[in-house]
Structure formats: structure tokens, C-alpha cells
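User: Hi! Could you walk me through this one? I'd like to go over it piece by piece.
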Amino acid sequence: MHSEEDSKQMKTKRRVIAPIALALAATIGLAACAQGDAEPETTGGEATGQLTYAIASDPSSLNPINVADRWGLTVTNIVYSPLARVEGDGTVVNELAESIEPAEDGLSVTVTLKDGLKWSDGEPLTADDVVFTYTNKAVRENGNADLLYVGDQPITAEATDERTVVFHLPSVSAAALSNIATETYIIPEHVYGDVTDFSVPELDPLAVGSGPYTLTEYERGQYLTFEANENYYGEAPKIPELTLRIVSNADTVKTALQTGEADASFATPDQIGELEGAGLNVYPYAEGRVAYLGLNAAKITDPKVRQAIFFALDRDEINTGAFLSDDYYENAYTILPPSNTFATEDVEKYEQDTDASAALLEEAGASDLSFTLAYAGADPAQTTEATLIQQQLKDAGITVELAGIEPAAVFEEIQKGADSQYDAFLGGYIMGQDPDAYSLLYRTGASANYFSYSNPATDALFDQGAVELDPDARKAIYADLQAQIAEDAVVFPLADNLKILAVNPRIGGVEDAKLVPIYTFENFGLLTEQ
Amino acid sequence: MAVYILRRLAQVLPMLLLVTFVVFALLHAAPYDVVDTITTPQMSEETKAAMRERYGLDQPIVVQYGLWLGNVLQGDFGYSLASRHPIAEELAARIPNTILLVAPAYVAALLLAIVLGLIAGSRRGTLVDKTIDSLSGVGIATPSFWFALLVIYLFGYQLRWFPIIGMHSVGKQGDPVDFLLHFVMPFLVLVVAFFPELARYVRSATISQFSQDYVLVQRGFGASRRQVLTRHVGRNVMLPIITQLGLALPILVTGAIVTESIFGWPGIGPYFLTATRSLDYPVVLAVLLLSAVLVIVGNLIADILYVVVDPRIRIGAGS
């Protein structure tokens with residue numbers, strides 16, 4: 001009865017589904033075939049004129065006046081230029097500046113710009129642009145003025161002619177030169193002169209600078225593309241097109257490196273084996289970071305107890321556990337990273353000494369000591385550090401309770417001092433070359449003094465170091481400072497864990513482009529394709 | 001019917017207010033705020049305090065919520081605290097990308113589930129049924145995150161068939177072939193994520209239908225299993241499927257958060273995740289509002305469709 005109609009309906013269903021499935025399969029198959037040799041290989045291949053660098057997240061700000069995050073600074077360094085750079089060993093390399101002369105009295109610095117400087121749009125770069133930039137950067141409300149302040153007063157800039165700028169310091173400051181050069185990228189007055197609010201994360205137009213590349217496109221959450229700036233004052237970029245691809249997932253980045261979809265990206269020690277196996281070159285380098293165990297001095301008040309805790313720790317074991325191999329870290333013994341020119345090893349290093357630890361605990365009358373340690377639960381290195389610390393202290397008779405939480409929560413909570421629920425925490429910082437910058441962490445009442453640490457002797461040393469202009473005398477002051485803080489035992493420095501960059505072998509010139517803290521490369525334009 | 005719909009819509013507003021306020025309060029219960037996620041140790045206390053003031057974070061919770069609500073009622077979703085970008089613009093750019101990925105995946109998953117579910121349900125107890133059922137079980141238990149990594153490893157790395165990052169290669173926006181290549185892997189992951197539950201659902205619906213009298217009658221009339229399935233059982237199974245469709249509406253916005261994050265697909269997923277992690281409350285609330293509206297509307301649509309499609313059901317019959 002129904003059979004003919006039924007089978008027709010059935011056939012219609014099959015007639016419809018099967019061709020669709022076939023068509024879909026065919027399209028995918030054809031596309032995959034067509035795609036075939038367009039896929040970049042990890043070795044060999046011709047030059048594409050293009051470099052892809054995978055980054056972990058969107059830049060938080062593309063506005064050079066207030067940019068402070070890693071990727072924002074990376075992009076800013078690609079598109080803009082500073083007056084000068086301070087290298088890791090303290091030397092000053094001129095960028096836009098021809099010469100930088102600090103005055104004898106230490107109250108001013110005269111900067112002469114190079115001749116014939118141009119913006120990417122062809123307009124000349126003059127002293128007015130420099131003054132414009134520094135004046136706006138020194139405005140507190142814009143969000144990043146602190147480096148340009150000496151005490152309560154800002155550093156001011158004055159253009160004495162087309163190519164000369166004089167910076168006036170409100171009082172003597174040894175750190176001023178470094179602060180003037182560091183992280184301040186010059187922006188054009190003729191483009192941004194009408195901007196009324198520089199506290200925003202993006203300017204309009206997005207970026208007109210004087211760096212090796214210009215920004216051509218920014219797709220939020222996806223990528224930023226750059227092309228060579230023809231008006232760049234330095235050497236023209238060897239690879240004309242640059243792409244910063246935003247990929248948040250670490251496993252995806254690793255695979256992208258292996259397939260060649262990304263040419264370079266940061267990697268972690270545990271990925272090295274696989275990446276090298278895939279033929280990639282791996283470059284570990286120091287960022288001048290200090291990873292540390294910090295104690296809340298408002299809760300663990302007795303210095304003997306703090307020292308006892310430190311003597312019970314085995315720095316090497318913690319570091320090898322967290323960073324896998326001493327190829328990827330350098331032991332840190334003071335508040336300054338080991339690569340810092342002011343760093344000294346002439347301090348109490350707290351080499352593991354369980355007897356000393358026990359003796360100090362007894363002296364302090366603290367038995368059955370127990371405390372809570374907070375750290376970033378999502379960070380595998382910190383998790384390993386925390387677990388090892390817990391274990392080592394247990395062997396010394398001290399109980400540690402672990403709290404793995406969000407990093408921002410750690411700092412917010414620990415800053416409550418005596419009211420905080422945590423007694424200790426793990427952290428890390430990169431404060432740069434000048435030791436005066438570290439006063440933000442260790443001075444009494446300073447904004448980043450998470451340790452609730454207060455010692456007038458330390459404050460006095462910071463004050464002295466800030467105004468001492470003689471390099472040797474300065475070095476001596478900071479050596480005393482490091483020894484003092486080590487003795488007060490509020491911070492147990494662990495290591496300067498090296499940043500590891502994995503690069504596809506088709507990309508060369510890594511030494512010339514120079515691996516530096518924060519910006520990855522000092523100049524992406526010096527990378528080459530081979 | 002119209003009265004019913006109006007009554008249901010009237011319940012929407014209080015529900016939305018409740019949902020958004022609870023989420024808002026929870027976000028503020030966290031020990032830190034969005035300013036903590038964007039400051040560095042180099043910033044002084046004054047700078048951080050100035051930022052808090054600018055974002056209105058120094059005001060009491062109720063005031064902040066009131067301000068946000070006031071803006072939303074005027075159609076202004078506000079700005080992301082972290083990026084200062086208008087949220088409505090970002091959503092308008094990202095939602096189509098998510099829909100482009102999720103809608104075809106869900107439709108494909110549904111078709112697959114219906115076919116497999118019908119086959120399994122009609123051949124209950126046989127090898128085919130057991131295979132499909134255990135396949136569904138495995139599919140439900142497998143985290144989509146892990147499966148995505150597996151797919152990337154196999155098709156992206158070992159076979160090098162497809163690119164793994166994003167929705168299109170740089171500079172190839174609008175190229176359909178390029179898009180399709182980027183589309184296949186996340187599509188596959190989503191289909192495998194969506195279909196097992198649906199397949200199980202269809203299967204159990206089929207089984208319960210098969211035990212009905214009319215099936216016996218049809219068999220008595222000499223209908224083949226195929227004919228019974230397509231002409232009779234199939235249609236009755238469609239009824240609960242339609243309600244599933246209504247409930248699946250919010251999936252268009254939030255159904256692929258993890259997958260999108262892994263593939264770098266520029267949809268709502270990564271945007272929402274980043275905002276949650278940094279306590280960027282205007283973004284979180286905006287997405288949640290959207291999702292809550294879709295859930296409520298989806299439920300409503302499902303209920304209405306059910307009445308429309310099944311003559312046996314009348315509104316008010318049960319109440």
C-alpha cells in the first residue's frame with residue numbers, strides 16, 4: 001500500500017544526504033590538496049619576506065605614554081624609538097639621541113638629537129616632539145609617570161633648539177639618566193598634538209612612530225601586522241613583513257612552532273626537548289628577573305624565625321625542580337638579579353644548614369612553627385617551588401600550608417600586612433638596571449613593599465644611593481644595602497629564571513637583533529631569513 | 001497563547017536582574033579587582049588609586065551596579081575596564097564568528113545524532129546499538145579540550161593538512177578556501193562535543209516509541225523497519241528534539257569557549273575568558289546578560305514550539 005511512496009521518500013532522504021556528504025568530503029579533500037605545499041616547513045624553503053611571532057595575549061595598551069605591559073611594550077618598541085637604551089651591563093646605546101650629557105651638578109641632562117630624523121609619515125622629528133612626549137608622560141593621571149618623578153617633583157623638558165632638549169631635575173638623582181631613557185618612546189606632536197586625554201590605551205591614529213616598522217593592521221584578539229618603515233633612521237629591516245599572532249593556548253603555540261605556522265615564540269623548559277627534536281633553535285637568556293620566597297614581616301615578626309626558615313631551605317633543589325636544569329636559571333642571592341652590575345655575592349646566602357635553623361628556632365622559643373604560603377596556583381614553576389619548600393621545611397620541623405590562588409589575589413591579600421591570612425608568598429619581579437628602582441619594593445611604606453618590611457637603615461641606604469653620583473661609591477652603598485636586606489631575612493631570592501625563545505632555523509640574525517628583557521628583541525629589523 | 005507568551009516575557013526582567021546582580025556581587029567578592037591585574041610594581045599608590053577612581057571601583061557595590069544597570073537600560077553596554085573598548089562593538093564583531101563556527105557544528109551534530117540515535121534505538125540490544133551507545137558514552141566522557149589537542153596533533157602536526165591558529169591566515173580575510181581550512185578542525189571538535197548527548201537522547205526516545213502500540217500495528221500492516229522509523233517513530237522523536245533546539249540557543253554564544261580558546265578562533269570565548277580572569281566586570285556582565293536572555297528566550301521558544309507541533313498539548317492543560 002504505502003510501500004512505493006515510502007521507498008521514494010526513503011530514496012529522497014538518501015539522495016539528499018549522500019551527495020551532501022560527498023560534496024563536503026570532496027571540498028575538504030581538494031582544499032587540503034591545494035593547500036599542500038603552501039604550508040611552511042621547519043627546515044629549508046625559500047624566503048617569504050615574512051616573520052610570524054606568536055604572543056600570548058593582546059597588548060593592554062598601544063599608547064606609548066602609559067604602556068606598561070610586556071606585549072604593549074614589545075609593540076611600542078617595534079613601532080617607536082626611545083632617545084637611548086640602557087643595556088644589561090649598564091652601557092647606554094643611543095637611538096634617537098646623538099649625544100647625552102649629564103651636567104656636572106647633576107641637576108640637568110642635555111640631549112642632542114641625531115640629524116635628519118623623520119617620522120614614518122615623512123615629517124621631521126624635532127626636539128618639540130621630545131618635549132611633548134615627556135611632558136605628557138609626566139602627568140600622573142595618565143598612569144605611568146612614576147619613573148619621571150624625583151621625590152614629589154616631575155622632571156621637566158625644554159627644547160632649546162630644533163635638535164636639543166634639556167631635562168631639568170628637581171633634585172640630584174643618580175637614577176635619573178636611566179629613568180629618562182627607559183621605556184619612554186617618542187610620539188609625534190604633529191599627529192597627537194590635539195589629544196586631550198592620554199590615559200587611554202589606544203590613540204587615534206593607532207601608531208605613527210619612528211621605529212623600524214610601521215603598524216599596518218590590528219585585529220583584536222588575532223594579530224598585529226607590521227611592514228618596514230622607509231623613513232627609519234637606522235638599518236632598514238631585513239625581513240620586510242612582521243606579524244605578531246595572538247595565541248593564548250601554550251600547547252597550540254608549541255604545535256604551531258613545530259609545524260612552522262609560527263616562526264618564534266617563548267617556550268618553557270619542559271617543552272625544550274620536543275622543540276629541539278623538531279629542529280628548532282632554542283635561546284635561553286636572562287631577563288634580570290628575581291623569583292623569590294617572600295615573608296610577611298608583619299606576621300612573622302621575629303627575624304630569628306625568618307632566618308631559621310631560610311636556613312632550612314635548599315635553593316639548588318628548589319631551582320632545579322622548578323626550572324628543570326641549570327641551563328635555564330641562575331641562582332640569585334640578593335634582591336638584585338645576578339646579571340645586574342650592582343649585584344654582589346657578599347651577603348648571607350642562607351646555604352642550607354639545618355643545625356643553624358634548629359638553633360635559631362630554639363633561641364626564638366618557637367616550636368611547632370606553622371604558617372601559610374600563597375602562590376600562583378596556575379603557574380607550574382611556582383607550584384613546584386611551593387611543594388619543595390613545604391617538604392624541606394617539614395624536614396626542619398616547620399609545617400607549611402599551601403594556598404595556590406590567582407596571582408593578583410596573592411598580592412592583594414599579602415599587602416594587608418598583619419591582617420593578611422597569608423604569612424609567606426612566592427613572587428617574581430623585573431625592576432630593571434638601576435638599583436634605585438628596587439626601592440619600590442623594599443623601602444618603608446613603598447607601593448610594592450609586599451613584605452611589610454621596614455628598616456630605617458635600609459631606607460637611609462636607598463636615600464644615599466639615589467643621590468650618589470660617583471659610580472664606585474654608589475656600588476659600595478648598594479652592596480651594603482643588599483647585605484642589610486639579606487640579614488633582615490624578609491626575602492629569600494631563588495633565581496633569575498631565564499626566558500627561553502624558540503626560533504625556527506630559517507630565521508637567523510638572533511644575536512644581532514639582540515635578546516633583551518621585556519621587548520624580546522631590541523630590534524626585530526635585524527633578524528634575517530636564511 | 002498570546003497571554004501565555006506575555007506572562008512568560010514578564011518573568012524575564014526580574015530573572016535577568018537577579019542573575020546579573022548575583023554575578024556582579026560574586027565578582028566583587030574576589031579579593032582583588034581589575035586594577036590589580038593591570039598594574040605593575042613600578043606604579044605608585046597614587047597612580048593605582050587614580051585608576052580605581054576613574055573606573056568607579058572606589059564606590060559601593062550597589063552604586064556601581066546601579067550605574068551599570070542604568071547604562072544598559074539605555075542601550076549602552078559600556079566599556080571594558082582593561083581595554084577601554086566599547087563592549088557592544090567587540091560583541092558585534094565576535095558573535096558572528098562564534099555563530100559561524102557553532103551553528104554548522106550543532107546542525108551537523110544534530111543530524112548525526114538523529115541518524116545514529118534512530119539506528120541504535122531501533123536495533124536495541126544488537127552490536128550496532130551497543131557500539132553507538134558506547135561511542136556516545138566515550139564522547140560524553142571525553143573533555144573537548146583534550147580531544148581538540150588530539151585533533152591538532154593528528155591533523156595539524158602529523159598530517160599537516162590544516163592550519164591550527166585562528167579563523168583565517170593573515171591577509172586572507174574573506175578567502176573561502178582559507179576559511180574552510182581553518183574551520184575543519186574546530187568544527188570536528190565541536191561536532192564530537194555536541195552529538196553524544198543528543199544521540200543518547202534520540203536513542204532513548206526511539207526506544208520508548210518502539211514500545212508503543214502503533215509500532216506494533218504498523219508492523220502488523222507489513223511496514224518495514226525503515227518505513228516505521230521514518231514515517232512514524234521519526235516524527236514522534238522529533239518532538240523532544242525540537243525542545244532541545246530551543247534550549248540550545250545559548251550555545252550559539254557560549255557553547256564553544258574552550259574550543260575557541262585552543263584554536264585562537266576570534267569569537268566570544270577568548271574574550272569572555274580573559275575578562276573573567278581579570279575581573280573585567282562590564283564584559284562579564286554583558287556576555288552573561290546575553291547568555292541569560294538567550295536561555296530564557298530559548299526556553300520560551302521551546303515551550304511554544306512544543307505546543308504548536310504536538311496537537312495533544314494545550315497550554316494550561318497541565319496548570
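This is a predicted model: local features need pLDDT of at least 70, side-chain atom pairs count only at pLDDT 80 or more; totals for chains, interfaces and linings use all residues.

User: Switching topic: what's the strand order in the open sheet of chain A?
Analyst: The 6 strands run β16-β20-β15-β19-β17-β18, and the pairing is mixed. At the edges stand β16 (329–331) and β18 (399–405) of chain A, each with a single partner strand, so one side of each has no neighbour in the sheet. On average, neighbouring strands of this sheet are turned by 30 degrees against each other, direction ignored.

User: How is β17 joined to β18 in chain A, parallel or antiparallel?
Analyst: They run parallel, with 7 bridges joining β17 (residues 370–376) of chain A to β18(A). Within β18(A), A:Gly404 is the residue opposite A:Tyr375.

User: Nice. On to helices: which residues of α6(A) are buried?
Analyst: Those are A:Thr252, A:Val253, A:Lys254, A:Thr255, A:Ala256, A:Leu257, A:Gln258 and A:Thr259. That makes 8 of the 10 residues in this helix (residues 250–259), so α6 of chain A is largely enclosed by the rest of the structure.

User: What do they pack against?
Analyst: In chain A, the buried residues of α6(A) pack against β1 (50–55), β13 (264–267), α7 (272–277) and β21 (499–503), and in chain B against α8 and α13. Just after α6(A), A:Gly260 has a positive phi of about 90 degrees.

User: How far does α7 of chain B reach?
Analyst: Helix α7(B) (residues 127–141) has 15 residues and reaches 21 Å from its first C-alpha to its last, close to the 21 Å expected.

User: Which of its residues are buried, and where do they fall around the axis?
Analyst: B:Ile132, B:Asp133 and B:Ser136 are buried in α7(B). Seen down the axis, the buried residues of α7(B) fall within an arc of 100 degrees, so they line one face of the helix. They pack against α6 (87–122) and α9 of chain B.

User: And what's on the face turned away?
Analyst: That face of α7(B) carries the exposed residues B:Leu127, B:Ser134, B:Gly137, B:Val138 and B:Ala141.

Methods
Residues are numbered from 1 along each chain as its sequence is written. Chains are lettered from A and ligands numbered from 1 in the order in which they are written. Two strands pair if DSSP finds at least two bridges between them. Helices (H or I, at least four residues) and strands (E, at least two) are DSSP runs, numbered from the N terminus. Axes are lines fitted to C-alpha atoms, for helices over the stretch in contact, and angles run from 0 to 180 degrees between N-to-C directions. The expected span of a helix is 1.5 Å times one less than its number of residues. A residue is buried if 20 or more other C-beta atoms lie within 10 Å of its own, exposed if 12 or fewer, and partly exposed in between; C-beta atoms are placed from the backbone. The arc is that of the directions from the helix axis to the C-beta atoms. Two residues are in contact if their C-beta atoms, placed from the backbone, lie within 7 Å.
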